[in-house]
Amino acid sequence: MIYSSSHTQNPIASHKSSLSSNLPQRIFTRKEVIPARNDVLWRIERGAVRTLTWSEDGTFITLGYWGPGDLIGHPLSRVKPYQIECLTSVEVSVVPPHHWNQDVNALITHIQQAEELLSIVHRKPISLRLWQFLVWLSEKFGRDVEQGKLIELNVTHQEMAEVLNTTRVTVTRLLQQFEEEGNLLRHKRRIILCLPNTLMK
């Protein structure tokens with residue numbers, strides 16, 4: 001069974017602001033944490049990060065996944081603790097407060113994506129929740145290949161479980177089910193979604 005999604009692609013994902021060339025740049029490595037600063041926002045120029053917090057018992061709660069064109073940073077959140085973890089090598093521009101009003105589209109997109117992910121994690125049943133999360137990832141971090149949409153970001157089963165408030169075992173079982181149904185293919189450690197328009201070809 002194929003589950004539909006109403007997700008619309010980030011309109012600025014491939015757009016680099018003309019301001020970027022005039023702003024300081026920083027490079028972070030995979031798994032590095034971007035510093036907690038209340039006086040700047042970070043615009044992602046290359047790579048992917050996730051924002052997260054954790055509960056009193058140490059359970060991670062993923063707040064979002066972000067890629068090129070997205071603005072991130074502590075000023076956009078009231079959640080504490082709040083951490084930005086690099087999922088790949090990441091290049092960012094440092095955006096000071098006097099430039100924030102020039103990036104209104106990126107700020108609006110941040111809000112839209114956060115709400116979209118929030119709506120996905122409350123979908124039922126869990127199979128629909130997982131499928132729509134995969135579609136969301138494919139729109140944000142995917143590229144078209146012959147078999148469908150390749151998600152170029154490597155998200156582990158445990159990380160998916162953390163996002164979707166379920167168990168790693170459930171995620172693994174459902175991914176195997178999607179694969180058996182022909183809706184999903186494995187490519188090394190990546191996932192290819194066989195979306196409806198691809199399956200109809």
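Modeller: Strand β10 (residues 148-151) and strand β12 (residues 190-193) run antiparallel and are joined by three bridges. Strands here are DSSP runs of E with at least two residues, helices are runs of H or I with at least four, and both are numbered from the N terminus. Two strands count as paired if DSSP finds at least two bridges between them. The model is predicted, so local features need pLDDT of at least 70 and side-chain atom pairs count only at pLDDT 80 or more, while totals for chains, interfaces and linings use all residues. Residues are numbered from 1 along each chain as its sequence is written, and side-chain values use heavy atoms, with hydrogens and water left out.

The pair belongs to an open sheet of four strands, ordered β9-β10-β12-β11, with antiparallel pairing. Its edges are β9 (142-145) and β11 (184-187), each of which pairs on one side only. From one strand to the next, the twist averages 30 degrees; axes are lines fitted to C-alpha atoms, for helices over the stretch in contact, and angles between N-to-C directions run from 0 to 180 degrees.

Two helices lie across strands of this sheet. Helix α3 (residues 126-141) lies across β9, β10, β11 and β12, at about 85 degrees to β10. Helix α5 (residues 168-180) lies across β11 and β12, and runs at about 105 degrees to β11. Contact means heavy atoms within 4.5 Å.

Elsewhere in the chain, strand β4 (residues 49-54) has five of its six residues buried, so it is largely enclosed by the rest of the structure. Buried means under 20% relative accessible area, exposed over 50%, and partly exposed in between, with a 1.4 Å probe and protein chains only. Six bridges connect β4 with strand β5 (residues 60-66) in an antiparallel arrangement, and T51 is the bridge partner of G64 in β5. These two strands form a hairpin with five residues between them, and G58 in the turn has a positive phi of about 90 degrees. β4 also pairs with strand β7 (residues 83-86), antiparallel over four bridges; there R50 has E85 as its bridge partner.

The protein as a whole has six helices and 12 strands, and 47% of its 201 residues are buried. Of the contacts with a separation of 6 or more, 71% are between residues 24 or more positions apart.
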